[in-house]
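Here is a friendly tour of a protein model, written for someone who likes cut-offs stated plainly. Have a look at the sequence and the coordinates, and then let us go through the contacts together.

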Amino acid sequence: MDFSFSEEQTLLRNSVQGFLQDKYDFDTRRKIVATPEGWRRENWQQFAELGLLAAPFPEELGGFGGAIESMIVMEEFGRHLVVEPYVETVVLAGGFLREGGSAAQKEEHIPGIIGGETVWTFAYAEPQGRYNLADLKTTAKKDGDGYTINGYKCVVVAAPWADKLIVSARTAGEQRDADGVSLFIVDKSAAGVSTRDYPTVDGRRASEITFENVKVGADALIGEEGKALPLIEKITDEAIAALSAEAIGCMKELNTATVEYCKQRKQFGVPIGKFQVLQHRMVDMFMAHEQSVSMTYMVNLKLAEGDEERTKAAAGAKVQIGKAGRYVGQQAVQLHGGMGMTDELSVGHYFKRLTMIDTQFGNVDYQLKRYSQAA
Amino acid sequence: MDMSFSPDELAFRDEVREFIANNYPAELRKKTRGEMTKEEILTWHRILHKKGWVAPHWPVEYGGTGWGITQRYIWNEENARAETQPLLPFGLSMVGPVIYTFGNEEQKQRFLPRILSGDDWWCQGYSEPGSGSDLASLRTRAVREGDHYIVNGSKTWTTLAQYADWMFCLVRTDPDAKKQEGISFLLIDMNTPGITVRPIITMDGAHEVNEVFLEDVKVPAENLIGEENKGWTYAKFLLGNERSGIAGVARSKKAIERLREIARSELVDGRPLLDTEDFRGKISELEIDLSALEVTELRTLAAESKGQGPGPEASILKIKGTEVQQRITELTMEAVGNYAMVYAPRAEATGNEYVPGPEYASGRSQEYFNMRKTSIYGGSNEIQHEIIAKAVLGL
């Protein structure tokens, strides 16, 4: 039993921290989010140079780590509210290619991800499907050697920045069947792909994407036709593990800021941190964070386990961070009073991000059900 | 004990329902306050003024309707049901009652008709950067010089001050007195030189609140309400009124109805979200909380009509009312699923922004973020707990 980090892992954390403290303070982040693009490609390049985009890949694919390295990067990203698409490009697309891609696909695409040249995202959600990954109206029909894709994907985070998409589509079966789901690599610039972009409440960008007779070759298929659902579940669980790490970074910052504020802010002649009711509140926030750290470690350590074990770990972690994120976020705003409501302070921004993390890949209700069914 | 309406009351309900249906402007129906111009915000106010119904809670001699509490309750209920724009409280519910209760004849004649007509837009100069929950620690200073006060200081969280003609303002007139005792209640013309209004953008992107800076602002002494250094009494009177209206029961009922409609449209595995046991259960729980609150409010109103209160019990309405409101927006955000992520432009909107998803989903998470303010403002919910602990439980 050992929960300590290796020397290399500590060095990785220090290098992410160093970069973000230098180049990603709250004011800089605000400026990045306010630009028309909404992100900074040069940051992405620097992440690549620091090796961060290689963090979750094994050595044979040009990387140096795995889930724990990714967790370290994401926790630090959470502390600085980084908007660049690490989860979408590295964890999701990188994960699909690593786990399900052919030798040729890995060779063709993973170096571009690690090198920071290509940005990817995963287009999976559809308006009727809510959080069910198999509820798909988007279809891919066999067409000569390749496929023709038709359908609509909603709230595709990071799509405005992406060069390439991984798209889930039905190649067989009924709308919600587990069987018959396939994954395809689609160029965002391919004929028939149209996007409408918009900002999200947590300072990112997303798109609605329509696929109209989009032709892809046989080499666009990831893994076996019609058998992609287990792979999608595995890799979205990896995304959940990464988001959990991001969430504990957000909570840590909120708790630090709140304790600091309550020590300084005076009302009725004393710092408000002297009031027992607020002390207990902050202790609850502290415990919510600690419990979330535990679940985050747990899920990241169990990603390689069998499906049932992994599902329970991921669903459990998502429930924990969903509830804790809501509590910590709401109370951090409450204890900061009116100041906590302002756009000027970072508190509201962490709160908004934590709220959206709960929505991404299934909220507390959805994951609770998933956990019960797996248990 | 009787909770049902009499035939007369039912006839009254039909009358006001019909009036609202025939007179509430169709073009305002789809707009939230954040999307309205100043004139649009005032439209309903002016229509009601013409009808004589703008201030049902005022004494008849000052322009009230003479309705009893049941009629007023029906009136609020019907407005919520029709989803009319809530009238701004700053003149009608806050400073108006202070003026007719503590003001002199001249002040009544000068200010009350213009509150009723909507010609004067009022804002509330209470909170300061250093004084939130501890309101009595306020530091804005007013010094008497001849027939004027010279006011210096700053106010914050001033709602819609960007449109205001007047501000009712708590100022310190005796810095040596105990903190509640040196405060006065001044009415300040917002056009006076030395006043600067700076917007505060909240995390949902809205421009609702402001900072107001006062630098050597010259205020005629005739704008003092009541006696100098007795302002805390008037301020507390106003806060008591503020709390009694804060439960928002009728509006919350309508909002739950909306939530149900959304949950009926949203699908989980092809079935309406409303039919899933867990979400249905959450809505039911919320409705039960609201039912309890509704009867608690009615009990408070009934006591009030017999001349008791609103006492410290009003704090229950503030706490429970805001908890219900916050929970409604939380569940509504949850209901819209992935589309909760979409940012619907507010402060800087040009009107051409693309907002995807069903219309009912637009802006739901922002509403949730915005409503976090309700447990902070009007005396934070922690302060309300203190009030009940001290004044009701005697702890």
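Is B:Ser131 buried or exposed? B:Ser131 is buried, with a relative accessible area of 2% (buried means under 20% relative accessible area, exposed over 50%, partly exposed in between, with a 1.4 Å probe and protein chains only).

Before going further, a word on conventions. This is a predicted model, in which local features need pLDDT of at least 70 and side-chain atom pairs count only at pLDDT 80 or more, while totals for chains, interfaces and linings use all residues. Residues are numbered from 1 along each chain as its sequence is written, chains are lettered from A and ligands numbered from 1 in the order in which they are written, and side-chain values use heavy atoms, with hydrogens and water left out.

**Around B:Ser131**

B:Ser131 sits in the loop between strand E1 (122-125) and strand E2 (141-145) of chain B (helices, H or I with at least four residues, and strands, E with at least two, are DSSP runs numbered from the N terminus). Setting aside neighbours within four places in sequence, B:Ser131 is in contact with A:Arg265, A:Gln267, B:Ser137 and B:Leu138, where contact means heavy atoms within 4.5 Å. A polar atom of the B:Ser131 side chain lies 3.4 Å from the backbone nitrogen of B:Leu138.

**Where the chains meet**

The size of an interface is often given as the accessible area lost when the parts come together. Between chain B and chain A, the buried area is about 4,100 Å², and carbon and sulfur atoms give 58% of that (buried area is the accessible area, with a 1.4 Å probe, that two parts lose on being put together, summed over both). On the chain B side, B:Met203, B:Met341 and B:Tyr354 lose the most area to chain A, together 21% of what that side buries. The contact takes 49 residues from chain B and 48 residues from chain A.

How many residue pairs are in polar contact between chain B and chain A? The count is 25, with both residues at pLDDT 80 or more. A polar contact is a pair of N or O atoms within 3.5 Å; within protein, one must be able to donate a hydrogen and the other to accept it, and residues adjacent in sequence count only if both atoms are side-chain atoms. Several elements of chain B each supply at least two residues to the side that touches chain A, among them strand E6 (195-201), helix H8 (277-305) and helix H9 (314-335). The largest share of that side, 5 residues, comes from H10(B). By class, the chain B side has 23 nonpolar, 14 polar and 12 charged residues (Ala, Val, Leu, Ile, Met, Phe, Trp, Tyr, Cys and Pro count as nonpolar, Asp, Glu, Lys and Arg as charged, and the others, Gly among them, as polar).

**Salt bridges**

A search of the whole structure finds 49 salt bridges over all chains, and 5 of these are counted between chain B and chain A. A salt bridge is a side-chain nitrogen of Lys or Arg within 4 Å of a carboxyl oxygen of Asp or Glu. Here are some of the pairs:

| Pair | N to O distance |
|---|---|
| B:Glu211 and B:Arg198 | 2.5 Å |
| B:Lys282 and A:Asp365 | 2.8 Å |
| B:Glu208 and B:Lys373 | 2.9 Å |
| B:Lys320 and B:Glu323 | 3.1 Å |

B:Glu208 lies in strand E7 of chain B and B:Lys373 in the loop between H10 and H11 of chain B, so this pair ties together parts that are 165 residues apart in sequence. B:Glu208 is partly exposed at 22% relative accessibility, whereas B:Lys373 counts as buried at 17%. B:Lys320 is partly exposed at 42% relative accessibility, and B:Glu323 is partly exposed at 35%. Salt bridges that share partners also join A:Arg326, A:Asp365, B:Lys282, B:Arg327, B:Glu330 and B:Glu334 into one network.

**Domains within chain A**

Chain A is assigned domain 1 (7-118), domain 2 (121-227) and domain 3 (230-374), with bounds that come from an automatic or database domain assignment. The centres of domain 2 and domain 3 of chain A, taken over C-alpha atoms, are 30 Å apart. Between these two domains of chain A, about 1,200 Å² is buried, of which carbon and sulfur atoms give 68%. The count between domain 2 and domain 3 of chain A is 2 salt bridges. A:Arg204 forms a salt bridge with A:Glu246, with the closest N and O atoms 3.6 Å apart. The side of domain 2 of chain A that touches domain 3 of chain A divides into 9 nonpolar, 2 polar and 3 charged residues.
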